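Subject: Structure handover

Hi,

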Amino acid sequence: MTDSMHSAHWGAFRARRDGDSLMITPFSADPDPSPLLANLHNALAHPARVARPMVRRGWLEKGPGPDARRGLDSYVAVSWEEAYALVAQELRRVGDRYGPEGIFGGSYGWSSAGRFHHAQSQVHRFLNTVLGGYVRSVNSYSSGAASVLLPHIVGDMNEIARRGVSWETIAEHSEVVLAFGGLALKNAQVASGGLSEHTERGFMQRAARRGARFISVSPLRSDLPAEAGGEWLPLVPGTDAALMLALLHELTTQGLTDDDFLACYTHGWPTLRSYLLGEEDGVARDADWAADLCGLPAAQIRTLARELHGKRVLITVAHALQRAQHGEQPVWLGLALAAALGQPGLPGGGFTYALGALGHYGKHHNLASFPALPQGKNGIDRFIPVARIADMLLHPGEKFHYNGRHLTYPDIRLAYWAGGNPFHHHQDLARLRQAFCRLDTLIVHESAWTATARHADIVLPATMTLEREDVGGAPTDRHLIAMQPVAAPYGEARDDYQIFSELARRLGREAAFTEGRDARAWLEHLYAQLQEKLAAHQVGLPDFATFWQQGVVTLPQLQDGGRMMNAFRADPAAHPLPTPTGKIQIASDAIAGFGYEDCPGHPVWRAPREQPSASYPFWLIANQPATRLHSQLDFGDYSRSGKRNGREVCSLHPLDAQRLGIADNDVIELYNARGHLLASAALTETIRPGVVRLPTGAWYDPVDPAAARPLCRHGNPNVLTQDIGTSSLAQGCTGQIAVVNVRKFTGDAPPVAAFTPPQG
Ligand code: PGD
């Protein structure tokens, strides 16, 4: 029996089912396969899978309506026939009574690598073609602040991140890589749509061997891999903007700024310069000022600034920094710092956003991408910035600011979710639960009993990619993968497409949704469109049957890394940036015109609302996990191997641990005003004292979901994070850091129940 070719967001592979487990061989062309592949071994038949359509008892008995029992209730198994009838009836009711304005279809989430069965595309197409539209969400939890800010100040985020300074030019030309937030390989091992070749480790090694100096600015040493052979500046979380201002101040006062570059290629430098020097308010943002905030010696800040001068310097700012209150500022200042050094547009120099945060970034693009499933037309134009979901549900009709607009939250009655896990990705989970309790109905398609499924009224069991045909591919991955099924669907699970097709039929809109195609016909149709796109460039592709049988085709790529900035530097008049002045906007009249105190017209330091205090003296960093993608397959072998006694591991410095009487492996409690959680303590000197680190993705497992301050016994940090926007400009997610207290847990720690399906 031959192995099937397949793909996940974290790598391509060949697979064969062997009893209940899966034998996996990484794709032969991958130089550095991800250990995350091991999470698939036991996934197919894990007891946490959803086997049958299930309806929450309270909803079934009382019908749709706000209900405080969400998250507490038991479930009743129903047949597919009954499930379809209930969903169709409820969609008809809400559609007739409230129209698309009553339906939230944002359905944020990473879902799976296959491009046709991409769950969000399926939900959106269904809601558009069958119900006339839905209230959508814009931007992402990854880059909520940066994706709104960057177009104002330099250009589209994709040009700065995906097509930013390429890894090849870094390996060849960079002398200093100053990485705010580091360049952790755990993040670069994933890319939405798939990542067949993991090349970041090799590029860093090449650069380091050539003598490039990597400097990681982060409270965590692990944010820079050993391969980079770099230095570590362990600053206080959330203070990068202050450090950047001090570096700029030093460059300015020492006459080390590239004034020709600033004059020719930027707009607004005098405004920032005046702020740095304290001409507006008498506060000089110098090294002494920043040292107190950042917890770094002033002399070290001054030396660093001077050492940057005259070198080929690349500044990169990680997603993490902008996932915090005022997260716009470090992104803006990173760009300003690169400009003050005169680096943008030089090979291996300048500013790049989020390098290493995803396997897409610093890469080149394919000549043509695999087409997305068409979404149809949304009949309404109502949206929220994605991380404002709880605000929207709790405050219908209220006004909010966003990117120069004053918008109103709609009154949502029904939310439809497929391919995401808000009880993983959102902040302040007790508040999120209250928000979901306001709905009439929450419908979720899931392959497993995540906390989101456990709060839903109707749960429809979805297949995993391993159980269906699809095509895996990302715009920056030169391999297109035929995702050949490895196993039959678990229990009664069905593909999202099959579920929506049947619902569309019952609602009288089947033809509009399916266009007469089954899943295989759609794959062939989309593949034919790719063939056409490439034929226009005189590039041939094998026919679909050959592609399917081979399992993979290689696509031609552009050499487009850094193209926008390189062209701008070469000839700014002929290739202006897509900003109001055509230049790098060190100050922005447009943003100034919005009048936001929390995001004025030039970059600034603003202290976060929550600061460590006597009650909550520690900074918590809730960053991306190393052993899984977000919360996906948290029950997988590799993810569980990273836990201790089933609980997520929280890192803290031995000095802090000693003071608190905590030993390695102890069960500890992290808490603040929003909630508390249990985790296993890991002592490490690779973290700044006063900071603790707990990665995201442990499935939320509250002892009492309805408690005002719930206790998560598994270690999900979003029970502690705060649910506020980055600023009035972008309203991005602020889940990266929070203030907490830590103590040793005494007594009997309740066992983790996250992977046991709910009652019923
Ligand atoms: P995933 O765990 O990937 O998290 O949030 P996101 O919601 O994307 O959830 C995807 C879900 O889709 C899984 O439950 C999976 O089972 C399901 N799924 C997969 N394939 C399919 C399918 O084909 N059909 C259906 N129906 N379901 C499917 C991620 C988000 O979290 C992101 S992107 C970021 S960057 C944020 N990071 C942080 C952070 O750093 N710190 C905090 N505190 N919080 C964060 N939240 C954000």
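**Cavities**

The second largest cavity has a volume of about 30 Å³. Before going on, the ground rules. This is a predicted model, in which local features need pLDDT of at least 70 and side-chain atom pairs count only at pLDDT 80 or more, while totals for chains, interfaces and linings use all residues. Residues are numbered from 1 along each chain as its sequence is written, and side-chain values use heavy atoms, with hydrogens and water left out.

Searching the whole structure gives two cavities of 30 Å³ or more. On a 1 Å grid over the protein atoms alone, a cavity is a set of points where a 1.4 Å probe fits but cannot get out; a pocket is an open set with protein on both sides within 12 Å along at least five of seven lines; lining residues have an atom within 4 Å of a point. Grid points are joined across faces, edges and corners, and a volume is the space filled by probe spheres set on the points.

Around the second largest cavity sit N366, S369, F370, G473, A474, P475, D477, L480 and L555. That lining splits into five nonpolar, three polar and one charged. (Ala, Val, Leu, Ile, Met, Phe, Trp, Tyr, Cys and Pro count as nonpolar, Asp, Glu, Lys and Arg as charged, and the others, Gly among them, as polar.)

The largest pocket holds about 1,200 Å³ of space. Its lining has 40 residues, with Y108, H118, S140, R162 and S192 nearest the centre. Two or more lining residues come from each of helix 3 (119–131), strand 7 (136–138), helix 4 (146–153) and helix 5 (157–160). Helices (H or I, at least four residues) and strands (E, at least two) are DSSP runs, numbered from the N terminus. Helix 3 gives the largest share of this lining, four residues. By class, the largest pocket's lining has 14 nonpolar, 23 polar and three charged residues.

The second largest pocket holds about 500 Å³. It is lined by 26 residues, and L185, K186, Q189, A626 and T627 lie nearest its centre. Helix 7 (185–188), helix 8 (200–210) and strand 25 (649–652) each supply at least two lining residues. Helix 7 gives the most, with three.

**Helix contacts**

The axes of helix 2 (residues 80–98) and helix 20 (residues 496–506) come within 10 Å and cross at roughly 60°. That makes helix 2 oblique to helix 20. Axes are lines fitted to C-alpha atoms, for helices over the stretch in contact, and angles run from 0 to 180 degrees between N-to-C directions. Angles under 35 degrees count as roughly parallel, over 145 as roughly antiparallel, 65 to 115 as roughly perpendicular and the rest as oblique.

Helix 2 passes helix 20 in a right-handed crossing (near helix turned clockwise from the far one by less than a right angle; anticlockwise is left-handed). Contact (heavy atoms within 4.5 Å) involves W80, E81, Y84, A85, V87, A88 and R92 of helix 2 and Q498, I499, E502, L503 and R506 of helix 20.

The axes of helix 9 (residues 240–253) and helix 13 (residues 298–308) come within 9 Å and cross at roughly 60°. Helix 9 and helix 13 are therefore oblique to each other. Their crossing is right-handed.

Regards
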